[in-house]
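Good morning, and thank you for coming. Please look at the sequence and the structure as I bring them up.

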Amino acid sequence: MNHFEYGPEGLACEGVPLARVAAQVGTPVYVYSRATLERHYTVFRAALELAGIVDPLIAYAVKANSNVAVLKVLGDLGAGADTVSEGEVRRALAAGIPGERIVFSGVGKKRGEIAFALQAGVAEINVESEPELNLIAAVAAELGVKAKVAFRVNPDVAAGGHAKIATGKSENKFGVSFAEAARLYANASNHAHLEPIGVACHIGSQITDLTPMRQAFSKMRGLVEQLLAEGLHVERLDLGGGLGVPYFNMPEPPSPAEFAAMVAEVTQGLPVKLAFEPGRVIAANAGVLVSEVIHVHERPEGKRFLVIDAAMNDLIRPAMYDAFHDIRPLVPRAKTEQGGETTYDVVGPICETGDTFTRDRALPSLAAGDRVAFMSAGAYGAAMASEYNTRPLVPEVLVDGDRFAVIRERPSYEDMLSRDVVPDWV
Ligand SMILES: *Cc1c(COP(=O)(O)O)cnc(C)c1O
């Protein structure tokens, strides 16, 4: 459930008509619903608790939507943060999420990033390879601390809605191999500056079938049992993120309750705490991207392009993952005025053929100046935006009931150009 519904002034986010946001902030603009973010987190947590999972660490995956205001909304509910760079650790801290609820993942953490995370006292650094383990040990020794590490294990299971977001096969770059995990864990346990506290996995994103997750989690359970049998200390099993969301026109994903029941069954009786790293399931349906129609361009050959002011640099999912976003007009025209639906290719202004959000989509008839919302754009939307084509980074707005605030401003052209430096020898 989310809080984007049609009201008397057209499509609204909670109590705020999106047209009002568009008029005040301009387009394109991302709009997030606080109530939806809170609801998704609360539903996820309640599902785990109902399934009997005691005191889980729910580390929201910052990369899905990394705005500090969004992080603060979730952090205030008790969420932790799953981070993949020093920048994300800093964002989590800036949102008031304490180090002990921060997980630091990622295959290529640099020396300085590791040092920063250790000084921030993160809950665990998820180790993705043996060379990385050695680097963490060296940095911890330099700082004179003991690094809490969890081994991210690659369970060699195929999952995920798209090849670009499958992470759990051994040919993917993520995690140590299942075969070497126990050896590395035992070695690390004997190191003066390492404190292995658990194991982790994350097999992909937008997963709509519990089977691969069950397979991976069962393997992880076996590994935890093996480590415990070897007398090693294991306190946490981190099961990653990846639960899919209901994108319009896509297979219905399992509910948080079904997911939690499966996890409870697979981890039954295992004497460790569980951690989760949900991203998309929290943020995706809590946000929309609002854009304005610039032109309707009809070719004599029959194609009809809806040229809008959002582009692939603002929302890259369709270009990168062939993702489908439902597109809704903010104010549906009266059926009588335009005679129902028209088929469009919806495109942005960028000089790339890939800057096409959808082809041959039947939409209510639209004209220049009309505004549309891309639904389910709260995750991997603004966070993946760029300034390609020197387009200002799209601003973000947070709605709370009948009020809203800009939580990231659109940069001015002066801001953008001032970052370039022309040396005096040019
Ligand atoms: C991306 C990522 C997540 C979140 O994935 P979702 O599909 O958004 O839930 C969790 N953990 C790690 C390590 C990730 O890289």
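In which strand is Arg236 found? Arg236 is found in strand E12, residues 236-238. Helices (H or I, at least four residues) and strands (E, at least two) are DSSP runs, numbered from the N terminus.

Before I continue, a word on the model. This is a predicted model, in which local features need pLDDT of at least 70 and side-chain atom pairs count only at pLDDT 80 or more, while totals for chains, interfaces and linings use all residues. Residues are numbered from 1 along each chain as its sequence is written, and side-chain values use heavy atoms, with hydrogens and water left out.

Let us return to Arg236. Is Arg236 buried or exposed? Arg236 counts as buried because its relative accessibility is 16%. Buried means under 20% relative accessible area, exposed over 50%, and partly exposed in between, with a 1.4 Å probe and protein chains only. The side chain of Arg236 is joined to that of Glu124 by a polar contact of 2.7 Å. A polar contact is a pair of N or O atoms within 3.5 Å; within protein, one must be able to donate a hydrogen and the other to accept it, and residues adjacent in sequence count only if both atoms are side-chain atoms. Beyond its neighbours within four places in sequence, Arg236 is in contact (heavy atoms within 4.5 Å) with several residues, among them Leu57, Ala123, Ile197 and Val272.

Arg152 is buried, because its relative accessible area is 8%. Its side chain makes a polar contact of 3.0 Å with the side chain of Glu128. Not counting residues up to four places away in sequence, Arg152 also touches others, including Thr167, Phe174 and His202.

His202 brings us to the ligand. An N or O atom in the side chain of His202 is 3.5 Å from a nitrogen atom of the ligand. A polar side-chain atom of Asp82 lies 3.1 Å from a ligand nitrogen atom, and a backbone N or O atom of Gly242 lies 2.8 Å from a ligand oxygen atom. Taken alone, the ligand exposes 390 Å², and the protein buries 94% of that; these areas come from the Shrake-Rupley method with a 1.4 Å probe, and for residues only the protein chains shown count as cover.

Next, helix H5, residues 111-119. Which of its residues are buried? They are Glu113, Ile114, Ala115, Phe116, Ala117 and Leu118. Their cover includes helices H4 (86-94) and H6 (130-143), together with strands E7 (102-104), E8 (124-127) and E9 (147-154). Just after H5, Gly121 takes a positive phi of about 65°.

I close with the backbone. Most residues other than glycine have a negative phi, and most peptide bonds are trans. Where does a cis peptide bond occur? A cis peptide bond joins Thr27 and Pro28, with omega about -5°. Pro28 has its place in the loop between helix H1 (18-25) and strand E4 (29-33).

Asp55 is not a glycine, yet its phi is positive, near 50°. Asp55 is placed in the loop between helix H2 (34-50) and strand E5 (57-61), and it counts as partly exposed because its relative accessibility is 48%. Asp322, also not a glycine, has a positive phi of about 55°. Asp322 is found in the loop between helix H11 (317-321) and strand E16 (327-329). At 64% relative accessibility, Asp322 counts as exposed.
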